[in-house]
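Reader: Could you show me how to read a pocket in a protein model?

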Amino acid sequence: MDRKALILGAARQLTLDRGVVPSLNETASKAGVSKGGLLHHFPSRAALVQGLAVAALEEIDAIMVAASTEGRAAETWLRISVPAGEDVALFRALAIAHRAVETPGDDVAAASREAIARWESMIQDETGDATRARIIRLVGDGLAANVVAGIESAPTEAELDALIDVLVRRPGQDSR
């Protein structure tokens, strides 16, 4: 594992443990690197927050690319849009930290817009319908936002399956 990934892993674990993105000193200590070594990769706490966010985008991107090659981008998007367990805490902490350090022209916002456009395009390629792809993407966004904000609990597996049946399956297709 390279140092940057080691630092991000330590920052992620500390974020999960504490509910907030850690200081650079805490992160360096947990990662077992010097503060200078950490600053080489992440010169500020804002850069660390951005690194965590970009790593999350890359994880989702890998999942979506794999799903797209299997013709399951729409269903996969809806399923991964329901955070569970430690992901809820991580996303909450990242959202709070990101808002606190965000600057105009933020790289994470640009990377997020690009990723969302790419994922929506994968869904459109699968469904053959730009409007349907946008609706599926937005429903996934709403599911994630509501769970992370604590507005509602994650849907049960049966509820999610029913939602997927309505949004993704075409008439005449077998339901689960």
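This is a predicted model: local features need pLDDT of at least 70, side-chain atom pairs count only at pLDDT 80 or more; totals for chains, interfaces and linings use all residues.

Reader: How many helices and strands does the chain have?

Author: Nine helices and zero strands, taken as DSSP runs numbered from the N terminus (helices are H or I, at least four residues; strands are E, at least two). Of the 176 residues, 37% count as buried, meaning under 20% relative accessible area with a 1.4 Å probe, protein chains only.

Reader: OK, how do I find empty space?

Author: Roll a probe the size of a water molecule over the atoms, and you see where empty space is left. Here, the second largest pocket holds about 230 Å³. A pocket is an open set of points on a 1 Å grid over the protein atoms alone, where a 1.4 Å probe fits, with protein on both sides within 12 Å along at least five of seven lines; lining residues have an atom within 4 Å of a point. The volume is the space filled by probe spheres set on the points, which are joined across faces, edges and corners.

Reader: Which residues are closest to its centre?

Author: Leu8, Gly51, Ala55, Ala56 and Glu59, out of 14 lining residues. Helices H1 (3-18), H4 (45-69) and H6 (86-101) each give two or more residues to the lining, with H4 supplying the largest share, seven.

Notes. Residues are numbered from 1 along each chain as its sequence is written. Side-chain values use heavy atoms; hydrogens and water are left out. Buried means under 20% relative accessible area, exposed over 50%, partly exposed in between (1.4 Å probe, protein chains only).
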